[in-house]
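Hi everyone, thanks for coming.

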Amino acid sequence: MRGVSDLVTPDDSEFVALARQGDHRAFAELVRRHQDRVFRFLLRMIGSRDEATDLTQDTFMKAYQALPGWRPEARFSTWLFQIARNAALDVLRRRGLAEFVPIEDALVVADPAPTPEERLGISQRLHLLEHALAQLPADHREVLLLREIEDLSYAEIAVALGVAEGTVKSRIARARAALIDTYRRDPGGHRDE
Amino acid sequence: MNETCPRTVELSAFLDQQLEARDRERIEAHVASCVVCAAEFADLRVLRADLKALPDETLGFDLGSVVEGRLAQRPRPVPRRRPGRPLFGWLPLGVGMAASVSLGFTLGAMLTMGTGARLAPGVAAMAVFDPVAPGGLCIGLEACYARGAVR
């Protein structure tokens, strides 16, 4: 049986094949490859670093248990996002926040009186964008994160979310419009510059 | 914006290069000539650039080693039994079935051949199957009395 060290530049599917045979080192390598992407996604979905850290670990443990069910037709990363997304929605449901959060009520600008210079600052703008993103409904937020941050295609997002590609297309458009609208209402948003 | 303007969903798909070639050319031409749609498309592009510029959050430690350690502590999965029984798996069941059938035959033979079997005198005297119930009256039929009994 080949081991991890025998592989030159293996892709995920080769590591998955080894992990399925009980090679823990191969699975650990898969974890290293994808841990930051999964963590980043979970952090912005649930907003808590500690919870996102725990959930990232849980995601990989669940993935290991479910390895026999993985099919090479789907990219391993897409499959991981599917597991991570379900875990994030479970957390949000427990918190009772999976439902739509009215933007008007949710948007509270961190700094009430920024100077004009500060308003133009990139870090300030990104902070506000991060905040506005956190106020989006979970179904809008997840689709934007997968598309804009993780660069998944519409087809891959459809697999991760378990919906049709047409749904992904319209949901991304609505999410973008909602985020721009939130940004526009925000006194520090780029639309007012 | 007028009636010929594309909807936001088309501009969004155009940004993602997810349109068919013909639709892509149509939207491209429209955005180049429509101030309203050009502004909306510019908003989408700025939003994309800003989202890409968000801090690149990282976990900060080697989760692979942690997971590898947790997996090593788990009990090894028990291999699943193959479907169907191996040859020796049927042996106890076969022996049991053969013993049951033999016992049945023996008991059956004892019943059918029982008329010729000689019963011990003590057993015969019990006369459990006497045609007259115990305490019943006998009106002189021979059958009422055991053969050779004193009337």
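Let me start with a term: angles under 35 degrees count as roughly parallel, over 145 as roughly antiparallel, 65 to 115 as roughly perpendicular and the rest as oblique. The axes are lines fitted to C-alpha atoms, for helices over the stretch in contact, and angles run from 0 to 180 degrees between N-to-C directions. Helices (H or I, at least four residues) are DSSP runs, numbered from the N terminus.

Some housekeeping: this is a predicted model, where local features need pLDDT of at least 70, side-chain atom pairs count only at pLDDT 80 or more, and totals for chains, interfaces and linings use all residues. Residues are numbered from 1 along each chain as its sequence is written, chains are lettered from A and ligands numbered from 1 in the order written, and side-chain values use heavy atoms, leaving out hydrogens and water.

Now to helix 10 of chain A. Its axis and that of helix 8 (residues 138-149) of chain A come within 9 Å and cross at roughly 100 degrees, so these two helices are roughly perpendicular to each other. On the helix 8 side, the residues that meet helix 10 include Val143(A), Leu144(A) and Glu148(A); contact here means heavy atoms within 4.5 Å.

Helix 9 (residues 154-161) of chain A also comes within 9 Å of helix 10, axis to axis, crossing at roughly 100 degrees. That makes this pair roughly perpendicular as well. Among the residues in this contact are Tyr154(A) and Leu161(A) from helix 9, and Ile172(A) and Arg176(A) from helix 10. By class there are 7 nonpolar, no polar and 4 charged residues. Ala, Val, Leu, Ile, Met, Phe, Trp, Tyr, Cys and Pro count as nonpolar, Asp, Glu, Lys and Arg as charged, and the others, Gly among them, as polar.

Stepping back to the whole interface, 42 residues of chain A are in contact with 36 residues of chain B. The chains bury about 3,700 Å² between them, 60% of it on carbon and sulfur atoms; buried area is the accessible area (1.4 Å probe) that two parts lose on being put together, summed over both. In chain A, Met61(A), Glu148(A) and Arg176(A) lose the most area to chain B.
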